[in-house]
Amino acid sequence: DVLWTEQGGMSWMNDGIKMDTGGRGGIGGFIGRMVSGESQWITYYIGERDNAKIVFTPELPGHVVPIELAEGEPIIAQQDAFMVATEHINRSVFLQRRLGSGFIGGEGFILQKFTGPGVVFLEIGGEVAEYTLANNETMRVNPGYVAVYEPSVDYDIQRVKGIKNILFSGEDLFLANLKGPGKIWLQSMPFSHFMQQIIARLPEHDTPPPPGNPGE
């Protein structure tokens, strides 16, 4: 069996695994990874004996969600969701159909598209909520909380209505409008929000005085 991931994605493994680092996807793959901010190098892990073990861990407290895709079947995920995939999973950059959605919403303009056959393992921050939307059924979500969705789901950004809601709710000004049919995976702890909470709680330090001679 063969798995592949980005540089530095593996946590530990035993001696039954061989590593091989290189590029993937030719020039198109190189450009796609450059645009999306991903690593230019891919590491393959090849199992060389039965019961060989390898472990990958998420960068953020949360859950790992394996999604099995048939031949040619795609799934759309947020930019930071990818952890590891089986050999024949193809990854490419996915740009939202409505350019205004990405720029106005501020999150998720550049997404990732994974196409089967195989299994892709995605990391989702915090708790995972899965919903299967019926035809024309709508879920309105803070854009940062959208982790994964099927391509059949229509994704758009809409401004919050009502001046009091805009001024006093404390919520973002724009919401993602997800319309079925299709399945969506939502996360309770987006990485950007997680970092904002940490930064907000860091103690403030006074700027140290410039160096000088004592008594000056």
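Q: What's the strand order in the open sheet of six strands?
A: The order is E9-E10-E7-E14-E17-E12, with antiparallel pairing. Strands (E, at least two residues) are DSSP runs, numbered from the N terminus. Two strands pair if DSSP finds at least two bridges between them. The model is predicted: local features need pLDDT of at least 70, side-chain atom pairs count only at pLDDT 80 or more, and totals for chains, interfaces and linings use all residues. Residues are numbered from 1 along each chain as its sequence is written, and side-chain values use heavy atoms, without hydrogens and water.

Q: Which strands stand at the edges?
A: Strand E9 (90-95) and strand E12 (128-133). Each has a single partner strand, so one side of each lacks a neighbour in the sheet.

Q: And what's the average twist?
A: 20° from one strand to the next. Axes are lines fitted to C-alpha atoms, and angles run from 0 to 180 degrees between N-to-C directions.

Q: How many bridges join E7 to E14?
A: Two, between residues 74-77 and residues 146-149, running antiparallel. Alanine 77 stands opposite valine 148 in E14.

Q: New topic. Where does asparagine 177 lie?
A: In strand E16, residues 174-179.

Q: Buried or exposed?
A: Asparagine 177 counts as buried, because its relative accessibility is 10%. Buried means under 20% relative accessible area, exposed over 50%, partly exposed in between (1.4 Å probe, protein chains only).

Q: What is asparagine 177 in contact with?
A: Leaving aside neighbours within four places in sequence, its contacts are Thr138, Met139, Arg140, Asp154, Tyr155, Asp156 and Gln158. Contact means heavy atoms within 4.5 Å.

Key: Helix = DSSP H or I, 4+ residues; strand = E, 2+ residues; numbered from the N terminus.
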